[in-house]
Amino acid sequence: MDLDVFVTAHRTEWDRLEHLLHRGRRLTGTEADELVALYQRTATHLSLIQSSAPDPMLTARLTQLVARARSTVTGTRRATWRDATRFLTAGFPAAVYRSRHWWIPTAVLSTLLAALMGWWIGTHPEVQAAIAAPEDLRRMTSPGGEYETYYSSHPAASFAAQVWTNNAQAAAMCLVLGAFLCLPVIWILFVNVLNLAVGIGLMSSAGRLDTFLGLVLPHGLLELTAVFVAAGTGLRLGWTVIDPGPRTRRSALAQQGRAAIGMAIGLALVLFVSGVIEGFVTPSGLPTWARIAIGIAAELAFLAYVYILGGRAARAGEAGDLDAIERSAELPAAA
């Protein structure tokens, strides 16, 4: 495309659009129709220039012009309770459901790795010696030791808030840092798996694995699922950078990034529930079977939420992204 010829042919339309946007009074019906038509044509021009003959100064001008026109055409929209309800009943569960091919393998592989590493630690005294001194290990794993008192060492409310904050931060880091070619997500996931494996290994070597699982499972099922969803989504975001598919890398990353931000909000709510269970149920005097049953019920409720509500919304076209009118207009990129 000859950029000079293109600019000469369409400069008048851009100038007219800018003039309409600067009008100090309300537009007439005819002027409003003209503004909408010029906005659509200018958005098309911007897409063509970006894909065929990118020019920084011209692209910057048209981007600003299209953004202002779009704001004028669509108006300012405020979030409502209806938006929050739609997010919780359709957007978030659909996003989790659509990313299941990433977080389910992540969950399976991480669980297997934690079990394998836990077995290795539990059956190799030299590995345990490298983790801590024998007296420290006994202090951690003995009845009434640190693994047991950890969940009751602080008031339940403050402990739940602390746990929720830490887990929400870890999930958000997985989602945000996924764009860096997946590597930070893999590291965060490995650290979580390693911590779990150390607990499994040390408590099993002391013959108290049942006690450890009785403490971890009530909150850990839902908590780890949320972490796996965050990690899987982060890996998906990172892979989008590597292989955006038929879309431009910018467009693909923007779509996945918007969904990831919504996912962070939804997972914060899931981790809040997990934190409440960890703060109030795990250290409670309930029988072990009752505490584990509460954890299983919470996990099954979340999976039903994702597969029933999320599956239904995903099949209806919901992707956890913004509505079309709230997204920038896109045209297919030139080959």
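Tutor: Asp15 and Arg61 form a salt bridge, with their closest N and O atoms 2.9 Å apart; the term denotes a side-chain nitrogen of Lys or Arg within 4 Å of a carboxyl oxygen of Asp or Glu. This pair links distant parts of the chain, since Asp15 belongs to helix H1 and Arg61 to helix H3 (residues 56-74), 46 residues apart. Helices here are DSSP runs of H or I with at least four residues, numbered from the N terminus. Asp15 is partly exposed, at a relative accessible area of 36%, and Arg61 is likewise counted as partly exposed, at 28%. For these labels, buried means under 20% relative accessible area, exposed over 50%, and partly exposed in between, with a 1.4 Å probe and protein chains only. Through shared partners, salt bridges join Asp15, Glu18 and Arg61 into one network.

The model is predicted: local features need pLDDT of at least 70 and side-chain atom pairs count only at pLDDT 80 or more, whereas totals for chains, interfaces and linings use all residues. Residues are numbered from 1 along each chain as its sequence is written, and side-chain values use heavy atoms, leaving out hydrogens and water.

The whole structure holds eight salt bridges. One of them joins Arg41 to Glu13, the closest N and O atoms being 2.7 Å apart. Because Arg41 lies in helix H2 (residues 29-52) and Glu13 in helix H1 (residues 3-21), this pair ties together parts that are 28 residues apart in sequence. Arg41 is partly exposed, with a relative accessible area of 38%.

Another salt bridge pairs Arg208 with Glu148, where the closest N and O atoms are 2.3 Å apart. Arg208 is in the loop between helix H10 (183-205) and helix H11 (209-242), and Glu148 is in helix H8 (residues 146-149), so the pair connects parts 60 residues apart in sequence. Arg208 is buried, at 13% relative accessible area, while Glu148 is partly exposed, at 25%.

Arg100 is buried yet has no salt bridge, and the nearest side chain of opposite charge, Glu318, is 14 Å away; Lys and Arg count as positive and Asp and Glu as negative, with His and the chain ends not counted. Arg100 does lie over the face of Tyr97, 4.0 Å from the ring centre, the criterion being CZ of Arg, or NZ of Lys, within 6 Å of the ring centre and within 35 degrees of the ring normal.

How values were computed
Helix = DSSP H or I, 4+ residues; strand = E, 2+ residues; numbered from the N terminus.
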